[in-house]
Amino acid sequence: MRVLVTGSSGAIGRTVVSGLSSQGHALRGVDRTEADTELTGLLPLGAVVGDVTDPVVAASVVSDVDAVVHLAGHPDEATLPESLASHAHTTAALLDAMVEAGVPRMVFASSNHAVGLSPRTDLLAADARPRPDTFYGVAKVAAEGLLSLYADRFGIAAVALRIGSFLPEPTTVRELSTWLSYGDAVRLVDAALTAPVEGFAAVYGISANSRAWWDLEAGRRLGYEPRDDAEAYADQIGARSEDEGEGAYAGGPFAVMPLGKAI
Ligand SMILES: NC(=O)c1ccc[n+]([C@@H]2O[C@H](COP(=O)([O-])OP(=O)(O)OC[C@H]3O[C@@H](n4cnc5c(N)ncnc54)[C@H](O)[C@@H]3O)[C@@H](O)[C@H]2O)c1
């Protein structure tokens with residue numbers, strides 16, 4: 001497939017570009033930060049420097065692709081206007097450009113913080129009600145709402161990946177439940193790009209963790225087969241005084257952090 005990856009210079013972006021490229025997808029990247037030579041070499045359709053909140057940039061980067069993987073965004077708490085600009089306004093600009101250009105699919109990096117104030121009791125299903133823990137989480141819920149709206153109005157296939165903790169390896173007790181390995185991140189995005197999808201779907205982005213807090217069933221229905229399990233690292237992870245508090249809500253530390261901390 002010909003795929004646009006937004007946020008291609010970021011942590012998840014670089015990993016996804018490298019993984020999708022080896023799967024045979026032809027990629028274009030766009031980021032506010034210039035791509036280095038190694039990354040540029042993996043982006044045969046172009047390494048564009050630009051802000052995807054800008055409709056002109058959005059229109060130019062979606063031209064002639066089959067799908068958009070939207071990873072551009074500030075991955076942390078910020079003021080409400082900053083959060084909405086970073087996650088909802090970028091998503092809206094890209095979706096408008098996709099409708100105009102006839103691009104049929106978006107895969108979006110949502111977050112577990114869209115449901116972060118769900119108490120940690122049973123396994124959380126993908127259709128759990130939105131329960132954001134921060135303005136960051138509110139902006140992810142707003143972006144998921146846009147995906148649902150454009151799926152229903154314009155027939156765009158839209159998959160929101162509620163990513164847990166994307167890290168080389170888990171380092172805390174919470175992350176034994178929320179970890180998404182690099183390899184599984186690529187498998188998840190590839191499944192969301194290529195599976196038959198009608199309308200809007202939300203899935204959790206975690207590895208096959210023995211202590212998973214979130215139900216992987218919706219992802220498996222798209223063909224996502226995670227191979228890693230954070231449990232392999234459990235012996236290396238020491239207990240911390242924060243562990244109990246971080247285990248009270250799905251969003252962990254975000255569930256109690258001050259709202260609107262500046263970028
Ligand atoms: N890292 C995680 O564990 C995690 C968990 C849940 C969700 N997410 C989401 O995944 C996405 C990627 O996260 P990351 O960890 O790679 O973050 P990152 O900060 O490493 O990368 C984000 C990239 O997006 C670019 N960017 C930001 N706003 C942009 C804009 N308006 N136009 C163009 N480029 C822009 C940045 O320059 C950066 O290179 C974010 O949307 C984040 O909210 C990440």
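Modeller: Ala, Val, Leu, Ile, Met, Phe, Trp, Tyr, Cys and Pro count as nonpolar, Asp, Glu, Lys and Arg as charged, and the others, Gly among them, as polar. This is a predicted model, in which local features need pLDDT of at least 70 and side-chain atom pairs count only at pLDDT 80 or more, while totals for chains, interfaces and linings use all residues. Residues are numbered from 1 along each chain as its sequence is written.

Colleague: How do the residues of the shell around the ligand divide by class?

Modeller: The shell has 10 nonpolar, 13 polar and 3 charged residues. Of the 26 residues around the ligand, G7, G10, G73, A109 and I163 come nearest; a residue is near if its C-beta atom, placed from the backbone, lies within 6 Å of the molecule.

Colleague: What makes α3 oblique to α4?

Modeller: The axes of α3 (residues 55-62) and α4 (residues 80-101) cross at roughly 45°. Angles under 35 degrees count as roughly parallel, over 145 as roughly antiparallel, 65 to 115 as roughly perpendicular and the rest as oblique. Therefore α3 is oblique to α4.

Colleague: Which residues of α3 meet α4?

Modeller: P55, A58, A59 and V62 do, where contact requires C-beta atoms, placed from the backbone, within 7 Å.

Definitions and conventions: Axes fitted to C-alpha atoms, helices over the stretch in contact; angles between N-to-C directions. Helix = DSSP H or I, 4+ residues; strand = E, 2+ residues; numbered from the N terminus. Contact = placed C-beta atoms within 7 Å.
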